[in-house]
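Hello,

Below is the structure I said I would hand over. My notes on it follow.

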Amino acid sequence: MKHYRLLSIFMALFVIVSLACVCGNPLTPTPAPVPTRPPTTAPSVPNPPSNNPPSSNGNSSNTVTVEDQNKLFTFDIPGDWTYESNDLGNAVYSDVYMYADTWTSPDGSAIVEGISGRSEGFDFDGTTSTRVALDMLNYYYSKTGKEGDIKISKTSTAEDGSTRFDWESRGGDYSGISWFEVRGTRTFLMWTVDWGNGADQAILDTIDNAINTYQPQ
């Protein structure tokens, strides 16, 4: 009996000491990483086609070969289309640094645009690049600046391996085509042409020529 009594006293002391250690050093859980999310409102650049003619920074309707600021692509466009470059910084994703290059027709009815982004600390894969492309459509090109306005009518793979979205705006009177791809592992590129549904044939022919002369660099 004495042996069992000593054992009981030892066990009781062990439990008390264990509880004291836990109370004196509570476990601090490590918080789970929070994934980066896109903004809930649309960034201000670029804009969908409109009927308000922009000022032109070209002086000729002769066709010229143009290049984006990061030297990722070239294509042919009339020299009187307005060009604007924008450093978007981390405005879209906190861990992707982005740029936009925009060419707008003199009458404002069509746009050719390239948006490129360089990730910081992660590699793009097929799922990630598709998600980014969809976010671009919803936040940059939709009438509302959120999901629900852009309707993708067709998805296909282009000859150069990029993915193509044919789409239209439900709330706006315009349509477009976007191609997206990953260069290397960390550079995302989305090239888009969009036009007002009332654009004249000359504008549509110019868009076709831009598509046909597009060259990755």
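Which residue in S2 is the bridge partner of Val 66? In this predicted model, the partner is Phe 75. That pair belongs to an antiparallel arrangement of strand S1 (residues 63-67) and S2, joined by five bridges. The two strands make up a hairpin, with five residues lying between them. In the turn, Lys 71 has a positive phi of about 55 degrees.

S2 also pairs with strand S10 (residues 215-216), again in the antiparallel sense, here over two bridges. On that side, Thr 74 has Gln 215 of S10 as its bridge partner.

How many residues of strand S2 (residues 73-78) are buried? Six of the six are, so the strand is largely enclosed by the rest of the structure. Buried here means under 20% relative accessible area. Phe 73, Phe 75 and Ile 77 point one way from S2, while Thr 74, Asp 76 and Pro 78 point the other way.

For the overall picture, the protein has three helices and 10 strands. From the N terminus on, their order is α-β-β-β-β-β-α-β-β-β-β-α-β. The protein has 217 residues, and 39% of them count as buried. It exposes about 12400 Å², of which carbon and sulfur atoms supply 54%. Among contacts between residues at least 6 apart in sequence, 52% join residues at least 24 apart.

Regards

Notes:
Residues numbered from 1 in each chain as written. Predicted model: local features only at pLDDT ≥ 70, side-chain atom pairs only at ≥ 80, totals over all residues. Heavy atoms only, no water. Helix = DSSP H or I, 4+ residues; strand = E, 2+ residues; numbered from the N terminus. Buried < 20%, exposed > 50% of the residue type's maximum accessible area, 1.4 Å probe, protein only. Contact = heavy atoms within 4.5 Å. Areas by Shrake-Rupley, 256 points an atom, 1.4 Å probe, with all protein chains shown as cover. Pairing = 2+ DSSP bridges.
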